[in-house]
Each structure stands twice: as C-alpha cells, then as structure tokens.
Amino acid sequence: MKTKTIYEPTEGLTERELTYCPGCTHGIIHKLTGEVLAEKGLIDEAIGVASVGCSVMSYEFFNCDMQQAAHGRAPAVATGIKRVREDHTVFTYQGDGDLASIGLAEIVHAAHRGENITVVFVNNAIYGMTGGQMAPTTLLGQKTTTSPTGRQKKAAGEPLRMSELLATIPGATYLERVSVHDPKHIRKAKKALEKAFDVQTKKQGFSMIEFISTCPVNWGINPNDSLKWAVDNLIPYYPLGVYKDATEGDHNEK
Amino acid sequence: MAKMLMKGNEAMALAAIKGGCDAFFGYPITPQNEIPEYLSFHMEENDRIFVQAESEVAAINMVYGAAGSGARVLTSSSSPGIALKQEGISYLAGSELPCVIINVMRGGPGLGGIQPSQADYNQITRGGGNGDYKLLTFAPENIQETVDIVKRSFSLADYYRNPVMIAVDGLLGQMMEPVDIDKPVEEKESGPKDWAADGFAKKRGHRNKIVSLHLDPQDLENHNLKLQKKYDEMRENEQHYELINMDDNPEIIFVAYGSMARIARSAIDTLKEEGIEVGMIRPIAISPFPQKAFENLPDSVHTLLTLEMSLGQMLQDVQIVNNGRYTLDFYGRTGGMVPGTEEIVDKVKAILKGGKQ
Amino acid sequence: MAKGRILIEKDRCKGCNLCVYQCPVNILKLDTSTTNKKGYTPVMVTEPEKCIACTFCAMICPDSVITVERYVKE
C-alpha cells in the first residue's frame, strides 16, 4: 500500500529528546515554533535566545544558532543580537517567571522600542523549573509552594496580564494569546506564530505570542486534566485573541 | 598627527569608534554621561549601533547578545551601574565572550557620591559577579594613554574572548587634555569568530550555542580549568606598569594608579626639590596585578607606600606581592575626596622621620 | 478500511496520554503490557484499521513521537 507522509517531526527542532515532563505543553509549543521557522525557511539563519526556567536547555532543541540568556534578560539579549544581525530572524522563548517577574523591564522596553524580534511566551501561571512557586501570573486562590493557602490579593496582588499590558505600548506591533489544548487551538496557535514571524520578516516591529500552558507536575494534575484545568480556569482570566495588530501602520517612519 | 583638546569621556568614546566598536549599549549615570551622549550622535554617523537601554542590567545583556553574535561591543557606566552589571559580566566571562566595559569611578558604597574615587578596585579586579573568572582591567592615568588602551581593548577582548575593563576615575572622565586620537596602536591579532551564534548555522554546517550552563560538575570544572589557562596567559603577557624615578636611590616607593599616580608624580617632584628621592610603581593594568614591577627594586628601598582614593584595596594586592619583603604603608582619601600633593609629601616625611602615621 | 497509519517511536514516548484523549476514533491506549527504555508506558494503536489519518495524535504529542502516513491510490 503506497503511503504519503502527512505529519512528521519538524526540521526546526533537533533530534534531541525533549527534557520536559510528560504531557507538558512546552513540547507542543517548541514543535510549533520549529515548524513555523522551518516551513518559512527561516530556521537556517535564525538566532534564538534561551531563557531560564524549564526551557533553560532549549538551546539543545531549536535547530539554529542559540544564545542562553540570564533569567529575564532574553529580550535585552535579543535586542543586542538583532541590532547587529538585523537580517536574521531573532526570537526569544520565555516562561512566565522569566518574562513577567524578573524580566518585566526587559520585555516592556523591547516592546517599547519596537524591537523587530518575536517573543514566544509560555504562560503556565507557575514557576515550574524551581518546583512550583507562585508567579506573577498565578491566579487568585491558586495554591503554590509560596502561596500555600492560595494567592491572596492583599499580599501578592492580582495576576498580571501580559498581552493586555504590552498592548498599551505603542511600540508593540502584534500581540496574540493562544492555547494548545486541542488540535483546533493548536492550528490557530500555529497561525498566530506564522503571523508573528511575518511581522519580523516584514520589519514591522515587535511581536509576541502568549501561549496558555500547563504544568501537570506542579499543579498536581495529570496532563489531560491539566489541559482541562487551563481551559476552565486560565482562559477565562486570560482570554484568547488578538490584543494588538498594528501591522497596517507605517513602519518606516523614523 | 594633530592633537586635539578633548574631554576624557568624549575621547574614550571616539577611541572606541576608532577601535572598531560596532555597537554601544549604555545608560545615563554621572560622571560618564558624555560617553553615551557622544556616541548617540557619532555611532549613527559612522553607521554603527547605539541603544540607550532601560537600565545598566539591560545594557550589559544587550552587550552579551551582540558579543555572542560576533560583534565588537562597548558599554560604559560608573560604580553603582557597574555593580548592576556584575551578573552580565559573569555571563560574558563564563560564555567566553569579548566586550569592552568603561568604568568611570565615583564614590561609594551605594549611591555614594559623584566625585572621583578608586574604591571599586576589589569589584573590578576580583570580579563582583559569581564564579571563578577574571577581567583584564586597565587603569590609565591620562587621556592619551586611555585612548590608546581603549583602541587596543577590542582586539584584546577578541583575542582572550573575555571582557576587558577600562577603569578611570571621574577626574579623567571629566578633564580635558590634548590627545592624538589617531596615534597608531598595535592590535592583538586573533582569527575569525567561528564560535559566534551569528545565524549562519547552515553555511557553517553546525549550530553554535553560546552557553554558560554546564550542569555536569566535571564539565563545569573542565570549563573553569580552560578559563584559568586563559587567565594564566593574561597574567604572563598582560602585566602593564611604569617605573618612575628609580635611579636615584629612593627609600620609599609609591604604588599608585590613575589620577592618584599623577598627584604622586607632583609629590615626587616636590620632594626631589627638597632632596628627597621617592620612586613609583604605576600599574597600568590592575588585573592581572603587575607582580613583575615589584621584582628587582633598588637596594635603597625600605618602604612601599600605597596611595589610593579608597581605604586600601590595591593595598591587599601589594601585600600579597610584597610577601614580607618591605615595610608597607598606606595613604588614602575616599568618598570623592581627591588628595592634594602636600598631603602625600607630608606622609613621606612622616615615614622618614620614623614609624607609620 | 484505514485511511492511513501512524508510526510511533516507542522509546521516545513518555506515556503522557494526551494523544489517547485526542484520538477521535478512540484507537489509542497506553500499552500496559510493556515499558520502554525510559521506563514509561508507551502508547499503542488498538484497531489500526479504524485510523482516519486526522493527525490529531501527532499534533498534540509534545515529544514528536508520532509520524502519520496517509494511504494513497497506486
């Protein structure tokens, strides 16, 4: 029986086995990023910036030149790279602790300056790598190792919505929040990533795709139920959709 | 070549452009603001990159990124800003990336003051970031010397694949002196940067990864041993110093760098007029510390007098290389206070009268 | 008649169960009779003739364990 391959592992990722927990959405998001870069012919010249978190070793997985950044600093590192290598596709891959906590200044200013980079933001409302501490994106009432009785508004504030925050910044060109909890949403997420990398290729400025993600191990829920928990709890607070699309504007003005 | 009267900060900035700097990432802080200000205009004029970052932290990380892509990069700051950069400097050293850092020092600790100081000696020679690494740190005394060193520093950084720091105190940054900006300097040769993550993976045939993480302890030890070999080479080949007035049987030798060395020169002249001969060892690079300068001192010497605009940081390095041979003494002012020549003259006379003051 | 088939790299599978849940014709399950090199229970196809080559399993797999082939007319 003759066969035609209709889905196979992407060349955008190396052959290294991913070191993520079983059922972690990092793997799906890595895959989509790799697929988009490979399908658009960008992977050969891309430079990725790995951040600090569960994806600290992402420099082993993306099939392009990679530079590891200090915790939170990836957007600054990417700025340095893009400014001296402006014809290359430069992207960062960051979790919510990295991007929304220690790295808040760097992500805001990269957007503010309209740096022509693409940020892949993986938001699972927790610090995964270090064992499940509260993150700026942890929901009210959500129990973590540093909010054992649930996040309290008085002590820790309400969770930070990054796509909404960056949307207020003129320099941000394209911001979309997506999910990967089922094939339909995976397709939409991939389209969002395609759009974001197009923004960079067309030199239209700063793009970020925020992925609602899971953390089965630190949430204490199995992978399938984690996806459901994300749909039932994270998405209502972090609604999916396009938060900024300024691609139509004039991007050549000084 | 014609000499121009230039302010130290601006001379350093122009020297960086002449030295092949591709990109500058910096942040405002007194007393080095003229550097980003000058470069904000002149980098663009020369078709190079200038970014005023959101913080010193962001700036050093931009340096890290651009250096990782193979560019010649500069940042500048002053003491408290350098403190902020320590994480980034550690990452640069750990990832073996070249860069040049200009530090125009001011009084500390904390916010301190804005007047000149040398109280960052420990921070800039011992490294304020984590881990076993070293910087190649220069401490010039006049603007011409500074310009020559800045121009050379980019090729030095490329050769050693390590951050190079140029530490001047606020005086040097702010003063004006005649400078021959085009005086030729000998660049240190090194090959193409085939280690850079510059986005040419396909052409190269393999990916490059700029990383300082080595989770396996044996790997990390091996990596550190490799770095150490580099620092050994630096210690062998980068001891830069000047010996002053050693021929007339001095009993006391000053050890001083930067603006303090210039004040000490005046003290040497004043004392000479009174028939008192004092020599000087002037480190031009303070990391590695110029041990060789302390060998073969004249037989007449009995005391090494360390002079610093601090409460005694280089003094510790002098103690180490002295190894009990000579009597050690110290004179320092801090907080931004710059000593007058007569204070040093008085100190010398007090020592000669007998005993430490 | 199957529309296609999937190839599973069993030793890369972490037994996370995401593909099992997503399969619209319910022909995936963890093969509890075995463990792979990593000690996980890998996934297996129970009724390959029912495969519709939708690629849902491959899409959701975080570890790129699954390759999907469609049968084509000669």
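Q: Which residue of E3(A) does Ile47(A) stand opposite?
A: Ile47(A) faces Asp65(A) in that strand. A word on the model first: it is predicted, with local features needing pLDDT of at least 70 and side-chain atom pairs counting only at pLDDT 80 or more, while totals for chains, interfaces and linings use all residues. Residues are numbered from 1 along each chain as its sequence is written, and chains are lettered from A and ligands numbered from 1 in the order in which they are written.

Q: What makes E2(A) and E3(A) a pair?
A: Two strands pair if DSSP finds at least two bridges between them. E2(A) and E3(A), residues 65–68, are joined by four bridges in the parallel sense, so they meet that rule. The names come from DSSP runs numbered from the N terminus: helices are H or I with at least four residues, strands are E with at least two.

Q: Which partner does Ile47(A) have in E4(A), and how do you know that the two strands pair?
A: The bridge partner is Val90(A). E4(A), residues 90–95, runs parallel to E2(A) with four bridges between them, so this also counts as pairing.

Q: Why are both faces of E2(A) called covered?
A: Ile47(A) and Val49(A) on one side, and Gly48(A) and Ala50(A) on the other, are all buried. Buried requires 20 or more other C-beta atoms within 10 Å of the residue's own, placed from the backbone (12 or fewer is exposed, and in between is partly exposed). Each of these residues meets the buried cut-off, so neither face is left uncovered.

Q: How do you know that chain A touches chain B?
A: Contact means that C-beta atoms, placed from the backbone, lie within 7 Å. By that test, 28 residues of chain A are in contact with 33 of chain B. On the chain A side, E3, H2 (74–84) and H4 (104–112) each give two or more residues, and H2(A) gives the most, with eight. This side divides into 14 nonpolar, seven polar and seven charged residues; nonpolar covers Ala, Val, Leu, Ile, Met, Phe, Trp, Tyr, Cys and Pro, charged covers Asp, Glu, Lys and Arg, and the others, Gly among them, are polar.

Q: What makes E3(A) and E9(B) paired strands?
A: Two parallel bridges link E3(A) to E9(B), residues 209–210. Since at least two are required, they pair. Gln67(A) stands opposite Ile210(B) there.

Q: Why are E10(B) and E15(B) said to stand at the edges of their sheet?
A: The open sheet runs E10-E12-E11-E14-E15 in chain B, with mixed pairing. E10 (241–244) and E15 (327–332) each have a single partner strand, so one side of each has no neighbour in the sheet. From one strand to the next, the twist averages 20 degrees.

Q: Which way does H10(B) run relative to E12(B)?
A: H10(B), residues 258–273, lies across E10, E11, E12 and E14 of chain B, at about 165 degrees to E12(B). Angles run from 0 to 180 degrees between N-to-C directions, with axes fitted to C-alpha atoms, for helices over the stretch in contact.

Q: Where do the two domains of chain B lie, and how many of their residues touch?
A: An automatic or database assignment sets the bounds: domain 1 is 4–188 + 212–237 and domain 2 is 241–353. Their C-alpha centres are 27 Å apart, and 26 residues of domain 1 contact 22 of domain 2.
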